[in-house]
Amino acid sequence: MFLLLFFVLLIQFFSHWIFEPLASFFEDVLEIRSFLFIALLGLIFLFSTKDTE
């Protein structure tokens, strides 16, 4: 049981160590100021599909 708990804590530590800088970077890049611009680009891309029928 303690061995399983040790492995789970080890996996959580390494996943936090690897993905925390990446998440922090995306949090800084995708701030609320740029959310409107990104959402607008997403909507334009979503509705700009060409009808190929």
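Student: What percentage of the residues count as buried?
Tutor: In this predicted model, 0% of the 53 residues of the protein chain count as buried. The protein chain exposes about 5,700 Å², and carbon and sulfur atoms supply 77% of that area.

Student: And how many helices and strands does the protein chain have?
Tutor: The protein chain has two helices and zero strands. Helix α1, which covers residues 2–29, has 28 residues and reaches 40 Å from its first C-alpha to its last, close to the 40 Å expected at 1.5 Å a residue.

Student: Where does α1 bend?
Tutor: The bend is at Phe 19 and comes to about 35°, with a proline, Pro 21, following within four residues.

Student: Switching to the rings, how many aromatic pairs are there?
Tutor: Counting rings whose centres lie within 6.5 Å, the model has three aromatic pairs. One of them joins Phe 6 and Phe 7, whose ring centres are 5.7 Å apart; their planes stand at 55°, so this pair is tilted.

Student: Are Phe 6 and Phe 7 exposed or partly exposed?
Tutor: Phe 6 counts as partly exposed, because its relative accessibility is 47%, and Phe 7, at 42%, also counts as partly exposed.

Student: What about Phe 14 and Trp 17, how are their planes set?
Tutor: Their planes lie at 65°, with the ring centres 6.1 Å apart, so the pair is edge-to-face; the cut-off for that class is over 60 degrees. Phe 14 and Trp 17 are three residues apart in helix α1, and therefore about one helical turn separates them.

Technical notes. Residues are numbered from 1 along each chain as its sequence is written. This is a predicted model: local features need pLDDT of at least 70, side-chain atom pairs count only at pLDDT 80 or more; totals for chains, interfaces and linings use all residues. Side-chain values use heavy atoms; hydrogens and water are left out. Rings of Phe, Tyr and Trp (its six-membered ring) pair if their centres lie within 6.5 Å; planes under 30 degrees apart count as stacked, over 60 as edge-to-face and the rest as tilted. Buried means under 20% relative accessible area, exposed over 50%, partly exposed in between (1.4 Å probe, protein chains only). Accessible areas come from the Shrake-Rupley method with a 1.4 Å probe; for residues, only the protein chains shown count as cover. The expected span of a helix is 1.5 Å times one less than its number of residues. The bend at a residue is the angle between axes fitted to the seven residues ending there and the seven starting there.
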